[in-house]
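Here is a short report on a single protein chain. Read it with the model open alongside.

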Amino acid sequence: QVPVVESGGGSVQVGESLRLSCTHSAYTTHNSNCMGWFRQAPGKEREGVAGIGTDGSTSYADSVKGRFTISQDNARNTLYLQMNSLKPEDTAMYCCAAATVYYSRPMWSLPTQYNYWGQGAQVTVSS
């Protein structure tokens, strides 16, 4: 079992910031092709929020570009998601995921390409 644990969720007001952390393992640090953040709101499908590749390249959903930043600290086996200018529509359960399976055509936003998932951290934004 590879541990993947999110922290840092909470309830904030519109326009405020939160930083999510995802503590995983040396295994996922050294074997992941990509790591990502996903979110799922009640009644909606899971959607990719941000992804980061082994070369440090990052990708974002259009809805969060310019507001969210994904980063990683490999020495601490930790993935981060800095969320600024939060909106009510950002309210969701946020999950961290790692993809250690090789795909010839990787798509960071496709949940099925990730094989390790955390339990999630709730983010609630109130107006």
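## Strand β8 and its cover

Strand β8 spans residues 78-83 and is mostly covered. Of its 6 residues, 5 are buried. The model is a predicted one.

Strand β8 has paired neighbours in β3 and β7. With β3 the pairing is antiparallel and counts 6 bridges. L20 has L81 of β8 as its bridge partner. With β7 the strands also run antiparallel, joined by 6 bridges. Here T69 stands opposite Q82 of β8.

## The four-stranded sheet

β8 belongs to an open sheet of 4 strands. The order is β1-β3-β8-β7, and the pairing is antiparallel. β1 (5-7) and β7 (68-73) stand at the edges. Each has a single partner strand, so one side of each is left without a neighbour in the sheet. From one strand to the next, the twist averages 15°.

S7 finds its bridge partner in S21 of β3.

## Turns with positive phi

β7 and β8 form a hairpin, with 4 residues between them. N77 sits in that turn. Its phi is near 50°, a positive value in a residue other than glycine. Is N77 buried or exposed? The relative accessible area of N77 is 18%. The cut-off for buried is under 20%, so N77 counts as buried.

S85 also has a phi near 50°, again positive in a residue other than glycine. S85 is found in the loop between β8 and β9 (92-99). Its relative accessibility is 40%, and S85 counts as partly exposed.

Two pairings involve β11. Strand β2 (residues 10-13) pairs with β11 in the parallel sense, over 4 bridges. In that pairing, Q13 has S126 as its bridge partner. β9 pairs with β11 in the antiparallel sense, over 3 bridges. There, M93 has Q122 as its bridge partner.

## Aromatic pairs

How many aromatic pairs does the structure hold? The count is 4. One of the pairs joins Y27 and Y116: the ring centres are 6.1 Å apart and the planes stand at 80°. The cut-off for edge-to-face is over 60 degrees, so this pair is edge-to-face.

Y27 lies in helix α1 (residues 26-31), and Y116 lies in strand β10 (residues 116-117). The pair therefore ties together parts that are 89 residues apart in sequence. Y27 is partly exposed, at 39% relative accessible area. Y116 is partly exposed too, at 21%. Elsewhere, ring pairs link F38, Y114 and W117 into a cluster.

## The largest pocket

The largest pocket has a volume of about 220 Å³. Its lining comprises 17 residues. N33, C34, P106, M107 and W108 lie nearest the centre. What is the class make-up of the lining? There are 10 nonpolar and 7 polar residues. No charged residues take part.

β5 (47-53) and β6 (58-60) each supply at least two residues of this lining. β5 gives the most, with 3 residues. I52 has its place in strand β5. At 6% relative accessibility, I52 counts as buried. The C-alpha atoms of I52 and N33 are separated by 8.8 Å. Along the chain, these two residues are 19 residues apart. N33 is one of the residues that lie nearest the centre of the pocket.

Definitions and conventions
Residues numbered from 1 in each chain as written. Predicted model: local features only at pLDDT ≥ 70, side-chain atom pairs only at ≥ 80, totals over all residues. Heavy atoms only, no water. 1 Å grid on protein atoms, 1.4 Å probe; cavity = no way out; pocket = protein on both sides within 12 Å on 5 of 7 lines; lining within 4 Å. Points joined across faces, edges and corners; volume = space filled by probe spheres on them. Nonpolar A, V, L, I, M, F, W, Y, C, P; charged D, E, K, R; others polar. Pairing = 2+ DSSP bridges. Axes fitted to C-alpha atoms, helices over the stretch in contact; angles between N-to-C directions. Phe/Tyr/Trp six-rings, centres within 6.5 Å; stacked < 30°, edge-to-face > 60°. Buried < 20%, exposed > 50% of the residue type's maximum accessible area, 1.4 Å probe, protein only.
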